[in-house]
Amino acid sequence: MNIVRFIKDWTLPFAMGMGTMVYLLFAFTPQLSEAAVFFSPIMATILPWFMFLILFVTFCKVDFRQLRPVAWHLWVGVFQVLFIGILMAVILLMVSHNPSASGMLVLLEAILMCIISPCATAAAVVTQKLGGSLEQMTTYTFLSNFITVLLVPVCFPLVEPGIHMEFWPAFLKILNEVFMVLIVPMILAYIVKHTMKRLHQRIISIRDLSYYLWACSLMIVTGTTVKNIVHAGVSIWLLLAIAMMGLIVCVVQFAVGRFIGHFFGHAQEAGQALGQKNTAFAIWLSSAYLNPLSSVGPGCYILWQNIINSIEIWQKRKSEVRVER
């Protein structure tokens, strides 16, 4: 029972640890090399379906009548845009056109990805588990993705002029990704909620279903992240610098989000909204449009944000146990 309780309390670190160990086992055991080649495309195919199911289950619990912008949404969005503007100024003025500063540019691109990426689709799952407003988080997830869709086609060509990204094609491509990840599961959840009552009740009756689905997806994402780090092909010092800057950015975003939300009575929601990022989406963006090494930034961010989430969930459970006593 103690082992089960430990896994429940620290589900996210456990999932990340399992993802890391499974990848390292398959990657460095010659006898498993053929199995690794076989399972690699399967894992890549399964992951989007996990994210789809997580959002579908989460949206089944949403009161669609309460999906509306609130005051803290504006200020959290303003901070994200401001933070991106400051970082873009640093990149353009100091390193973008300086060939000798390629390592610094990779570091700044990694930081940019940890800021410009949208609020994680799983942020609503964590917020609900922490007792926050599911509807407010769901609304901000949509707003945050729209901010990213607008900013990426503007910022990326300035950072990497060689990619020749045009605004409208990039805008529509990223918008399509957002549509498939967010809109489709929401429409399906709405249909199930209003036309298939028995199925809907069965889905929402399974406690923490979306949370444990997310933990499964986190194992796959962590394994992919470890793979990217192992095969990064850069100095350990640059990897450490990216990891440490990712930690600093993560803590700052969670702290500023909570600070903003404190004024509106929703510190928990605003902290998750600004701090918890869709790192899988960020890794795809950086690999597709920037220096692929910059994907190490959001890869490390996965570790930091989920450590913070785990501590918050542990503190929440601890306070609940105190109340019961």
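This is a predicted model: local features need pLDDT of at least 70, side-chain atom pairs count only at pLDDT 80 or more; totals for chains, interfaces and linings use all residues.
Figure 1. The cavity has a volume of about 160 Å³ and is lined by 16 residues, among which Met-51, Trp-214, Lys-277, Thr-279 and Gln-305 lie nearest its centre. Sorted by class, the lining holds eight nonpolar, seven polar and one charged residues.

**Figure 2. The second largest cavity, with a volume of about 40 Å³.** The structure holds two cavities of 30 Å³ or more, and in this one the lining consists of Asn-145, Glu-177, Val-178, Val-181, Leu-182, Asn-278 and Phe-281. Helix H8 gives the most to the lining, with four residues, and by class the lining divides into four nonpolar, two polar and one charged residues.

**Figure 3. The largest pocket and the helices that line it.** This pocket has a volume of about 1300 Å³, and at least two residues of its lining come from each of helix H2 (11-27), helix H3 (33-59), helix H8 (167-195), helix H10 (209-230) and helix H13 (279-289). The largest share, 12 residues, is supplied by H3.

**Figure 4. Centre and residue classes of the largest pocket lining.** Of the 37 residues that line the pocket, Met-43, Ala-44, Leu-47, Ile-220 and Thr-224 lie nearest its centre. The lining as a whole comprises 27 nonpolar, eight polar and two charged residues.

Terms used:
Residues are numbered from 1 along each chain as its sequence is written. Side-chain values use heavy atoms; hydrogens and water are left out. On a 1 Å grid over the protein atoms alone, a cavity is a set of points where a 1.4 Å probe fits but cannot get out, and a pocket is an open set with protein on both sides within 12 Å along at least five of seven lines; lining residues have an atom within 4 Å of a point. Grid points are joined across faces, edges and corners, and a volume is the space filled by probe spheres set on the points. Ala, Val, Leu, Ile, Met, Phe, Trp, Tyr, Cys and Pro count as nonpolar, Asp, Glu, Lys and Arg as charged, and the others, Gly among them, as polar.
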